[in-house]
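Trainee: I am new to this structure, and I would like to go through its rings and one of its helices with you. Could we take the questions one at a time?

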Amino acid sequence: MSTSITPESRDNAQRDSGSRRSPKADQAHGADAKPNKTQVRLGDRVFLGLSRGAGITLLVIMAGIAVFLVVKALDALGDNNGNFLTDSTWVTDGSKPAFGVAGLVGGTVISAGIAMLIAVPVAVGVALFITHYAPRRVAQTLGYIVDLLAAVPSVVFGLWGLVFLSPKLLGLHTWLSDYLGWIPIFDKDETGTTARTLFTCGIILAIMVLPIIAAVTREVFLQVPRAHEEAALALGATRWEMIRTAVLPFGKPGIISASMLGLGRALGETIAVAMVLSSSQEFTYKILDPGGNTIAANIANQFAESNDLGRGALIASGLVLFVLTLLVNGAARVVINRHKEFSGANA
Amino acid sequence: MSIVKTDTAAPPAEPKPLQLTRRSMPTWIPWAVAVAAVGVGLLTKAVQGNWALGGFFAGLFYVVVVSLASWQIEDRRRASDRLATSIVYSAFVVAVVPLVSILWYTVQQGWEKLSPEFLSHSMNGVGPRDDKGGIYHAIIGTLEQVGLAGLIAVPLGLLTAIYLVEYGRGRLARTITFFVDVMTGVPSIVAGLFVYAFWILALGFEASGFAGSLALAILMLPTVVRSAEEMLKLVPNELREASLALGVPKWRTVLKVVLPTAIGGIITGVMLSIARVIGETAPLLLLVGLSQSINTDPFSGWQSSIPLFVFDQNHSGSRFAPDRAWAAALTLIIIVMLLNLVARLIARWKAPKAGR
């Protein structure tokens with residue numbers, strides 16, 4: 001069959017190319033194409049210019065954030081009498097202003113760390129539930145419900161955490177310090193009547209970052225090759241053994257990067273912490289005592305009452321936060337992108 | 001008994017019948033344990049007077065007893081399977097409890113105060129002893145600030161997405177993609193500080209609603225780009241090729257063929273990004289000032305916004321302030337949930353038919 005057709009089609013092709021080469025067609029084509037071509041290129045060039053310009057604007061904004069923060073931070077750091085990186089004081093008026101972010105960085109890292117310890121296991125559980133346990137028909141809806149948690153504004157989290165949650169957690173604070181008080185971080189100096197502590201903030205941050213971690217992890221679990229899962233089940237694995245041997249190893253980079261995205265969020269969360277935490281400038285590792293502060297919450301609380309130098313100092317601390325989140329997010333993205341290629345080759 | 005004994009004794013070589021399935025737990029056991037667990041929970045509640053503790057012990061009781069029973073009746077592997085199943089289910093419950101708690105508590109606290117009067121009055125002239133005032137000025141501020149942010153971020157984000165999907169191949173596109181991702185992680189307070197340093201300190205403008213819009217636009221931008229990018233990628237290449245083959249220039253192909261095909265998803269993405277920034281407080285705290293009266297001009301003078309209103313009332317000493325804060329929080333939640341709901345509906349309604 002094919003051999004009988006080939007000469008014919010080759011014939012056709014020749015005829016086609018012959019007709020295209022005919023001077024008349026060439027002329028018509030050329031005459032048509034020339035103005036058309038410039039027209040097309042003008043519109044296209046404008047459009048390409050616009051869209052590329054938008055992309056470049058975005059890069060300029062990112063660069064602008066870094067540049068402006070650095071410039072204003074350097075202004076303020078010139079007037080600093082303390083050590084910006086190792087001090088925990090925050091005095092920005094008077095004759096000898098001295099400020100440092102050590103305590104703030106400590107509080108930020110501790111509260112975000114508590115959030116991670118709580119949120120990551122729960123989020124992985126939620127992602128597993130939605131991808132592998134929930135009935136297919138309702139799984140998507142349940143996913144939306146968890147996503148709704150991400151839609152709750154942080155100021156509402158703050159209000160809820162302050163008025164509703166923190167009084168409820170007072171008992172847990174006492175219990176932890178009574179029974180686990182020999183561990184330094186659970187040691188409690190004050191027999192306080194308030195639970196507006198770093199621990200409570202960590203729990204609220206955990207609730208806030210849970211949906212993002214769960215969403216990203218869910219996507220990764222959905223990418224697990226079906227064949228791996230079915231092979232495990234066919235070999236007699238229970239559902240949990242299938243998840244342990246096929247899903248979790250595949251999803252591990254995804255879980256790591258999702259956690260880092262969540263960590264970035266937790267580090268930068270402002271209003272909820274500012275409202276809930278009963279803050280102090282000194283660094284404290286005792287998470288059950290009121291006190292400590294985070295970079296972002298400190299900015300929100302101090303900004304209105306600060307003088308120009310104080311605002312510059314806050315910008316400098318914001319720069320530290322920016323660099324911190326940039327590192328965490330950048331690392332997460334690198335892991336995700338590597339994983340993307342990996343799964344693409346596998347699919 | 002004796003008969004059986006003689007029977008087995010007579011043909012000594014006959015093996016025990018081969019059992020192909022293992023013993024499995026009767027289905028009523030987990031249910032019985034669940035009922036018992038509810039009992040344990042109620043008991044804990046009665047003794048300790050704490051619902052959370054009761055729920056915790058009920059869950060713990062169920063997980064432990066079912067796993068132990070399964071270990072005894074079945075085997076270790078299936079016991080760990082049941083353990084994992086219970087833990088995964090409870091993880092989901094643990095995630096949903098705060099959501100329900102926040103929604104329920106906010107509705108409960110804010111419902112009474114939320115009235116047409118509350119929505120149509122500002123805080124102008126409301127003293128600390130007055131049980132009056134409302135969020136009209138804050139609603140105006142929020143609408144204007146978010147609207148302006150959308151006017152900046154949506155065209156910019158859409159064009160960027162078009163560049164990335166339709167044109168971008170080289171290094172520039174890769175750089176932009178990477179920084180869009182990184183931008184997603186910029187904390188809102190840092191965006192606020194940047195606009196403060198750039199717009200107010202360097203360019204010398206006053207604090208105003210528009211300064212807040214700039215920060216909100218920065219926060220919206222990556223979400224808009226990412227969602228639009230995903231949607232444009234879903235448009236089948238055949239459509240583009242068909243249009244280009246008819247001699248339509250590329251830019252018209254994008255505007256008339258690609259964008260209309262993806263418009264549902266793009267609108268969804270834009271609405272979700274609006275829902276995200278409408279509750280932002282931190283940058284506005286630095287940029288918008290705080291007004292108690294109506295200011296309809298976002299370009300001059302201080303404004304308010306709903307999240308700022310919540311934050312401000314929470315700090316206020318008036319004994320009527322908490323009610324106002326909760327009512328405003330409820331308004332905010334209703335707006336955000338409606339935006340989310342409508343966005344999902346549009347997404348479902350306009351979804352490109354995958355796979356055809």
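Trainee: Which residues do ring pairs link into a cluster?
Mentor: This is a predicted model, in which local features need pLDDT of at least 70 and side-chain atom pairs count only at pLDDT 80 or more, while totals for chains, interfaces and linings use all residues; side-chain values use heavy atoms, with hydrogens and water left out. Residues are numbered from 1 along each chain as its sequence is written, and chains are lettered from A in the order in which they are written. Rings of Phe, Tyr and Trp (its six-membered ring) pair if their centres lie within 6.5 Å, and planes under 30 degrees apart count as stacked, over 60 as edge-to-face and the rest as tilted. By ring pairs, the cluster joins A:W160, A:F164, B:W104, B:Y105 and B:W326.

Trainee: How many aromatic pairs are there over all chains, and what is the angle between the planes of A:F129 and B:F92?
Mentor: Over all chains, the count comes to 21 aromatic pairs. One of them is stacked, formed by A:F129 and B:F92 at 4.5 Å centre to centre, with an angle between the planes of 25°.

Trainee: Where do the two partners of that pair lie?
Mentor: Helices here are DSSP runs (H or I, at least four residues; strands are E, at least two), numbered from the N terminus. The pair crosses between chains, since A:F129 belongs to helix α3 (residues 102-133) of chain A, and B:F92 to chain B, in helix α4 (residues 76-110).

Trainee: Is A:F129 buried or exposed?
Mentor: Buried means under 20% relative accessible area, exposed over 50%, and partly exposed in between (1.4 Å probe, protein chains only). With a relative accessible area of 5%, A:F129 is therefore buried.

Trainee: Where does helix α3 of chain A bend?
Mentor: The bend at a residue is the angle between axes fitted to the seven residues ending there and the seven starting there. In α3(A) this angle is about 30°, and a proline, A:P121, follows within four residues of the bend, which is at A:A119.

Trainee: How many residues of α3(A) are buried?
Mentor: The helix α3(A) has 32 residues, and it is mostly covered. Of those 32 residues, the number buried is 24.

Trainee: Which residues does A:I118 touch?
Mentor: A:I118 is in helix α3 of chain A, and its C-alpha atom is separated by 7.3 Å from that of A:I203, 85 residues apart along the chain. Contact means heavy atoms within 4.5 Å. Not counting residues up to four places away in sequence, A:I118 touches A:I203 and A:A206.

How values were computed: The expected span of a helix is 1.5 Å times one less than its number of residues.
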